[in-house]
Amino acid sequence: MRGLKYQMKSVLRDKFYLMTFLLPILVAVALNFMGSIDMSSLGELHFGVLENELSPQTVTWLERYGPVTAYGTREELTAAINEPSTNVIGVRADGDSLKTAVSGDELDIFRQAAATLPALYERREAAGQAKIQTLERPDIMESLQGIFIPAVLIVAMFMGCTFNAMNIISEKEDGVAFVNEILPMTSSQYILQKVVVGFLFGSLSSVVTACICFRLSLQNLWLMLALIVLSSFVAALIGLFIGKFSEGLMIGVVYIKIVMLVFIAVPILCALIGVSGPLAVVCNIVPSQPAFEGIMALSAGSIGTAMKDTGILAIHCIAWFALYVLIADGRPARE
């Protein structure tokens, strides 16, 4: 118990640990805040014209598709078109038609609009007789949050990996690891002491993040808690592996980055590509995949899938714990 208190004090004094604990929570708050912002204006067309060059009727026609800004000189119009932070489409008179100008760094949708605009203007009378049906604009952030929020929660769940790995590496560099070798502590006591730190902080960060991002029923809440607990335990165990095999701080940081990249990339790619069949089974070797899939399933109300993923995580816990016990150096009790 005294060893656990020491580990807790060591963690609370380290700003790096506190930053990794708070980062997923801050990102979850930011995602919720961004979800309440109307970002539809980012997809609007913006036109730039010269003063008194186009007729009022033409300007009115352009305003049907987006805001129109009049510039006093060609230099001002050119500067507005070339401004990297904008997607302004320059519109000039070309006899009875129009010609457009873009800088070339715009998104493809704006370049296509600029290329189509002159032909649309020539057929404006026929287009005006067409029946228009206005569809509801989809929320840009809503579709992205379906992936971003589970990804943030995965980062929070597996943050215990960073806690434990950095803690063990720091002890190696400070010489504390040599002291641990002569303490009257069994191998199981050492594993417990090291796992608990990352497990508790990873679980706490995950619970706070989940409370910010999700509104779940009581049944789903218990499944989410099971996913968090099992994922945090697996992450804490993997942190022990990284700490054990890292010879120094820089090597440990590289290992942590590789592991976190795999943890995040595999479930996101599986979700985007729609992996199924034998490949999906192989992807479950990465512990974050069943955790991510379970969170997505809870969001969609699929209890059966979430329970299956909880079972896969339980198998991961047993397998990783048994593997570490097998490769860990024997620590005979000196009581």
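Leaving aside its neighbours within four places in sequence, which residues is Phe214 in contact with? In this predicted model, the partners of Phe214 are Ile149, Leu153, Met224, Ile295 and Ser299. A second, separate core of 13 residues is also found, and Val49, Ile89, Phe110 and Leu117 are among its members.

Phe214 sits in the loop that lies between α10 and α11. Its relative accessibility is 13%, and because buried means under 20%, Phe214 counts as buried. Phe214 and Leu298 are separated by 84 residues along the sequence, while their C-alpha atoms are 9.7 Å apart.

Phe214 also has a place in the largest nonpolar core, which holds 44 residues. Met157, Phe214, Met224 and Ile295 are the residues with the most contacts inside this core. The largest share, nine residues, is provided by α11.

How do two of these helices pack together? As a general point, a pair of packed helices is described by the angle between their axes and the distance between the axes. For α12 and α14, the angle is about 50° and the axes are 8 Å apart. This angle makes α12 oblique to α14, and the crossing in which α12 passes α14 is right-handed. On the α12 side, the residues that take part are Val262, Phe263, Val266, Pro267, Ile268, Cys270 and Ala271. They meet Ser288, Gln289 and Phe292 of α14. Sorted by class, this contact is made of eight nonpolar residues and two polar residues, with no charged residues.

A last stop is Thr58, which is placed in helix α3 (residues 56-63). Is Thr58 buried or exposed? The relative accessible area of Thr58 is 5%, so Thr58 is buried. With neighbours within four places in sequence left aside, Thr58 is in contact with Leu98 and Tyr121.

Note on methods:
Residues are numbered from 1 along each chain as its sequence is written. This is a predicted model: local features need pLDDT of at least 70, side-chain atom pairs count only at pLDDT 80 or more; totals for chains, interfaces and linings use all residues. Side-chain values use heavy atoms; hydrogens and water are left out. A nonpolar core is a set of buried Ala, Val, Leu, Ile, Met, Phe, Trp, Tyr and Cys residues joined through side-chain atoms within 4.5 Å. Buried means under 20% relative accessible area, exposed over 50%, partly exposed in between (1.4 Å probe, protein chains only). Helices (H or I, at least four residues) and strands (E, at least two) are DSSP runs, numbered from the N terminus. Contact means heavy atoms within 4.5 Å. Axes are lines fitted to C-alpha atoms, for helices over the stretch in contact, and angles run from 0 to 180 degrees between N-to-C directions. Angles under 35 degrees count as roughly parallel, over 145 as roughly antiparallel, 65 to 115 as roughly perpendicular and the rest as oblique. A crossing is left-handed if the near helix is turned anticlockwise from the far one by less than a right angle, and right-handed if clockwise. Ala, Val, Leu, Ile, Met, Phe, Trp, Tyr, Cys and Pro count as nonpolar, Asp, Glu, Lys and Arg as charged, and the others, Gly among them, as polar.
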